[in-house]
Amino acid sequence: MKTRKVGTFTLGALLIVFGVLFLLRIFFHNLSYIFIFKLWPIIFISLGVEILISNFLQSDENNTLVYDKTAFVLIIILSFFAMGMAITEVCIHYANVQISPF
């Protein structure tokens, strides 16, 4: 009996995609956090696509489909961490604008 985990590929792909977006934000300030956060539905779309592909490819009855709960939890935790870091940067920038006399 073979076991397939759903969510592992999506976690890896999303880490790469959002990591690249946040890295690009460092170098290109025109790329706003608002635009990056508007891409959050990609998480659900990619998980749904992975589930559909896994179910479609699971033609053998000896295969079982298992959801990778750790990957789902990590996606949620890392999403909140990224949002928290972005909010912190916005607050620091706003505080510097308010304090600076120029």
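Arg25 is buried in this predicted model, with a relative accessible area of 13% (buried denotes under 20% relative accessible area, exposed over 50% and partly exposed in between, for a 1.4 Å probe and protein chains only). The residue lies in helix 1, residues 8–27, where helices are DSSP runs of H or I with at least four residues, numbered from the N terminus. Apart from neighbours within four places in sequence, Arg25 is in contact (heavy atoms within 4.5 Å) with Leu31, Ser32, Tyr33, Ile36 and Glu89. The model is predicted, local features requiring pLDDT of at least 70 and side-chain atom pairs pLDDT 80 or more, while totals for chains, interfaces and linings use all residues. Residues are numbered from 1 along each chain as its sequence is written, and side-chain values use heavy atoms, with hydrogens and water left out.

The largest nonpolar core comprises twelve residues, namely Leu11, Leu14, Phe18, Leu21, Leu31, Tyr33, Ile36, Ile43, Leu47, Ala71, Ile75 and Ala86; such a core is a set of buried Ala, Val, Leu, Ile, Met, Phe, Trp, Tyr and Cys residues joined through side-chain atoms within 4.5 Å. At least two residues of this core come from each of helix 1, helix 2 (33–37), helix 3 (41–57) and helix 4 (69–99), and helix 1 gives the most, with four residues. When residues up to four places away in sequence are not counted, Leu21 touches Leu31, Ile36 and Leu39.

Phe27, also placed in helix 1, is by contrast exposed, with a relative accessible area of 60%.
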